[in-house]
Structures are given as structure tokens and as C-alpha cells.
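Subject: Structure handover

Hello,

I am passing on the structure we discussed, with some notes on what turned up in it. Please look it over before reading on.

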Amino acid sequence: MKRVRRAAIVSRVKGLAAEIRWLLGVSLCAILLSAANSAAADVSQGAQIAATCASCHHPTDGGQAIPPIATLDEQAIVKAMLAFRASESPSHVMHAVALSLSDDELAATARYLADRANAGRQP
Amino acid sequence: MTDWTRRQIGGLAGGAMLAVAAPHFVRGQGRAKVVVIGGGIGGATVARYLGDMKSIDVTLVEPNSTHVTCFFSNLYLAGLRSLASLTFGLETLAEGHDITIIRDSAVAIDPAGKAVELRGGTKLSYDRLVVAPGIALKFGEIEGYDEDAAKIMPHAWVAGPQSELLRQQIKSMDDGGVFVIAAPPNPFRCPPAPYERASLVAYYFKQFKPKSKILILDAKDKFSGQELFQDAWSRHYPGMIEWLPSQFIGAIKAVDVAARSVVTEGETFRAAVANIIPAQKAGLIAEKAGLTDASGWCPVDPVTFESTLQPGVHVIGDSIVGGDMPKSAFSANSQAKACAFAVAASLTGSPQFPPHLFNACYTFLAPDDAFTNALTFAPEGGRLKTVKMFISKVGESPETRRRTALHAVGWYSAFTADVFGGGS
């Protein structure tokens, strides 16, 4: 089961990275990594990068101007991050964060956060 | 509401790494042991993230049961927050994040024997040690300014009783008095903070003691966010704050506690209340353990935060030679996470990725006027270098500044929950 799940994650993460490249008009060719390495690296890397989000985004409380990200799906995260990458307004902080992530890193992070959100919704 | 907590993030991160990385400690005879010295922002963060991995025994050594945050303590000085709202118990770390907390101080480190000796006599062995001692104040560099003098002329650069003392003095000062801030030379904890302090105390004076003045005697000729501060001072507090750089007054040489005066090379300034912020260096245990270089700070590998002087010992936070990274709580938190993953990698064989290091500071000019900066850093040539930097600009709309002040309050709540594992 784990291998199946991991393969599914690889597929989704790679698909998302590809989508980001498409959105940016960048070539798709650069992201063909081996499935096994990609699964291990991307899942773990997503978790490590997501840890940095927690410096500003409260895990549960969204009432104080900085929105919660714990319930967002991956498309919403990617779209928001691409918008933040493109413009310094409305947030210096998110502009800096978005610029620091490669497409693959952003895909891995969005996937990781979305998986956490899904796990949280299960009874 | 959601079940997504940071405990789960850490747990999954650890699990994912362990699942793919031949974790020799888990498969072997015992769990790896990490000792963390210091329960401030860096130490609490690294302990929490390592503890959440569930694969490493984490012991945090800290003499105090609570931590009072330096960030936002200028709001307390201005009467805009209570000290209780800035105080966090370390018990949430112990209870929720699999960390053993020992209420004691480290007095010696033996890197060769991989052991730490505590004041109470306990000896702790470790596989990896993380030292997060914060700053020590260089008492004695200003003649007459020692720990006793700080009871009359507080530094308030470590939040807690010193903040209470300074708040009390500001409150009891007569209208028309002069509040002197002696600002330190670089590098020091939280570069914009002396000037944020001047701004917020001016806000308090404007309401309750409008004839009072604030005089900043600076050991430097420029400071962080200078244009933003000076713009705000002219808008909010015209004529109230005077900044005197080193080139005008010379170095701060001495204080006279009895006269409450500050003596520079060229002049003597009498104060009603004097806030003396001395030069700083790494916390004392770092110096004692041979972790500091000639600068007084701890050189580290910018990827793993392992000391370049003592193998197996990592150093994070204000006490390191930070390169371009400022000495701030945000930097310490960011370094602590990179360090936690690097330590886990070294102990479990888990994959290691280039660290993502950030600093974002919210600085108050008035309760509804705040600015931000945001910086990213990357290791380059053995040091931490700025990659990108964005900062608020002079002339932003009042609405933008109000929103930034709101963000600051939200950030404080999230950040302290991240560090201490609870809500604020």
C-alpha cells in the first residue's frame, strides 16, 4: 500500500510541478527524476519547507490578518504562491518566500500541506 | 478547525525520512540523544521540531520555567501589552512534544566526551548537542555600567524584570523629563529595536507626558530602517525624538549612576530615565565551551549550523556569526528548523535539503503604524548571504501601515505557537 500511495504522490507532485511550469511558460523537460528518488525527496522536502510556513501561519487561528493555510488545497496554494511570486504587493514576506522556492519545491510543499489538510478532515 | 498541528508536520517529516533512509538508530539498539542548551526562541524551536520527529530523545536544559519574548516588549514599555501576554511556559513543550526539560544551567561542555555538565551536578551524554545561549551583555565596556548599575539604569535587552524596571521608571518620570537611550554598536540583538523603543515610548509620552524628550545616543552613524523611522518620528512625534550619531558625540565612555548621566567623548548627558544597551557577545556557555572566535560570536557551518570549532556541537540564534542574517527571533526560529533537519539527517541518515532561511520583522512606529522587512538567505562560500530583501517604503498609505500592524499581531500569535507549541 505504501508503494502505491507513494507512487500516487509522485505522480501528483510531478503533475503539479509541470502545471506550474506551464503556468510560467517554462519547459517541462527539466523535471524528469526517477520515481523512487522523487518520492522520497519530495515528500520529505515538502515537510521541511512547510515547517517554515508555521513561523507566520497559525495552525488553527485565522482571525488575525495572516490567513490560515491548513485547509487549502494544493491548487489554491500554488495559485496564491505564483501570484505572490509575481508581485511584491500585497505582502513583502510572501513575495520573498515565493521567490525562494523552485517550482519543484513549491509543488512538493503544496502537495504536503494539502495532504495534511486532507488527513485533518478525515473522521 | 483542523487537526493539522505542527506535531503532525514534524511527525510526518520524521516518518517520511525514516521510511526511506535506513535509520540506523531506530533499527539499532537505541534512540539517538540530542541535548539542547537554552530554552529561548532558537532552543525551544529546535527541541520542538526534533521532539516531534518521534525518533530522537530530546532533552532541553533551561533554568527558567517561562520565557518572556523580547519581541513585542517595546509594546509593553509603552503600556500597550501586558508582560503576561508576552510570557510563555515551557511545559507545553514537555507535555506535547516529547521533550524532557531539565530546570538547570549548563556549566561545562565536553565535546570530545560528548557530555554536558549541569550546575546541579548532573552529567548528560549526547550524540548531538545544540547550543542556543542567546546574548551576553558586555558589562564593563562602558565605564561604570555593570549588573548593579543596570538596576538603576536598565538595559531591558533581555525581557522580564529588566523590562518591568524600565516601564516603572518611564511611568514615574515627570512630564518634561529626558529619556536617554544608549544604542549599541553592531552586531546586536534585533537591529531596529532601540529605534522602535524610542517610537513607542514617544507614543506613550505624547499621551501622558507631552513635554518630555527622547535622546538616542548612538554608537553608530546609521541604523536599520533609518529612513522609515525618521519619517515616522517627524509625522507622529515632531520635535520629541533626537538621534545623535557617533560622529557627533563620539563613543559612549561612561555612566554616572548617581547622577543618571551618560558620558560620551565630547559631552555629558543628564537623563531622567536612562536605558543603557551595551555591546553584546555570545552567551557565556558558548565562550566557556570554546565555541566563540575572536569576534565573541560562534562560527558555524551555514547549512547544518554545526560549530566550525567543536564537531558534534551545533549553535543557533543570536550567538552565531550570522553573516547577513540579523540577530532576531525570526532568524533563530528559521535556523533552528534547518538545524533540526540537519541533526536528524546526521543521526538517522535521512535526506538533507538545502535550508530555506528567512527573516521577517514587524516593527511598530505607532500602534497602528508598522513596517516590515522580509529577507531570504542562502549559504555561499561558507557564510550566510542575503538572496532577496524587501522592506516597507516611506510614503506608504496609512491603510497599508495599519494592515501591517494587524499582521504583526497575527504573526506574534502564530510564531509563539510555533516556538512553544501552544497558543498565545
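The notes below cover chain A, then a pocket, then a cavity.

Please keep in mind that this is a predicted model, and that the values here are computed from it.

Chain A

Chain A has 5 helices and 0 strands, so by DSSP runs its order from the N terminus is α-α-α-α-α. Of its 123 residues, 51% are buried, that is, under 20% relative accessible area. Among the contacts in chain A with a separation of 6 or more, 63% are between residues 24 or more positions apart.

The second largest pocket

Rolling a probe the size of a water molecule over the atoms shows where empty space is left. The second largest pocket has a volume of about 880 Å³. Its lining consists of 45 residues, and those nearest the centre are A:His57, A:Phe84, A:Ser91, A:Val93 and A:Met94.

Both chains take part in this lining. From chain A, two or more residues each come from helix 2 (35-53), helix 3 (74-86), helix 4 (92-100) and helix 5 (103-121). From chain B, the elements that do so are strand 20 (357-366), strand 21 (369-380) and helix 12 (398-420). Helix 4 of chain A contributes the most to the second largest pocket, with 5 residues. Sorted by class, the lining of this pocket has 28 nonpolar, 13 polar and 4 charged residues.

The largest cavity

How many cavities of 30 Å³ or more does the structure hold? There are 3 of them, and the largest cavity has a volume of about 160 Å³. A total of 15 residues line the largest cavity. Nearest its centre are A:Gln48 from chain A and B:Phe341, B:Pro354, B:Pro355 and B:His356 from chain B.

Two elements each supply at least two residues of this lining: helix 2 of chain A and helix 11 (329-348) of chain B. Which of the elements gives the most to the lining of the largest cavity? That is helix 11 of chain B, with 5 residues. By class, the lining of the largest cavity has 8 nonpolar, 6 polar and 1 charged.

Regards

Key:
Residues are numbered from 1 along each chain as its sequence is written. Chains are lettered from A and ligands numbered from 1 in the order in which they are written. This is a predicted model: local features need pLDDT of at least 70, side-chain atom pairs count only at pLDDT 80 or more; totals for chains, interfaces and linings use all residues. Side-chain values use heavy atoms; hydrogens and water are left out. On a 1 Å grid over the protein atoms alone, a cavity is a set of points where a 1.4 Å probe fits but cannot get out, and a pocket is an open set with protein on both sides within 12 Å along at least five of seven lines; lining residues have an atom within 4 Å of a point. Grid points are joined across faces, edges and corners, and a volume is the space filled by probe spheres set on the points. Helices (H or I, at least four residues) and strands (E, at least two) are DSSP runs, numbered from the N terminus. Ala, Val, Leu, Ile, Met, Phe, Trp, Tyr, Cys and Pro count as nonpolar, Asp, Glu, Lys and Arg as charged, and the others, Gly among them, as polar. Buried means under 20% relative accessible area, exposed over 50%, partly exposed in between (1.4 Å probe, protein chains only). Contact means heavy atoms within 4.5 Å.
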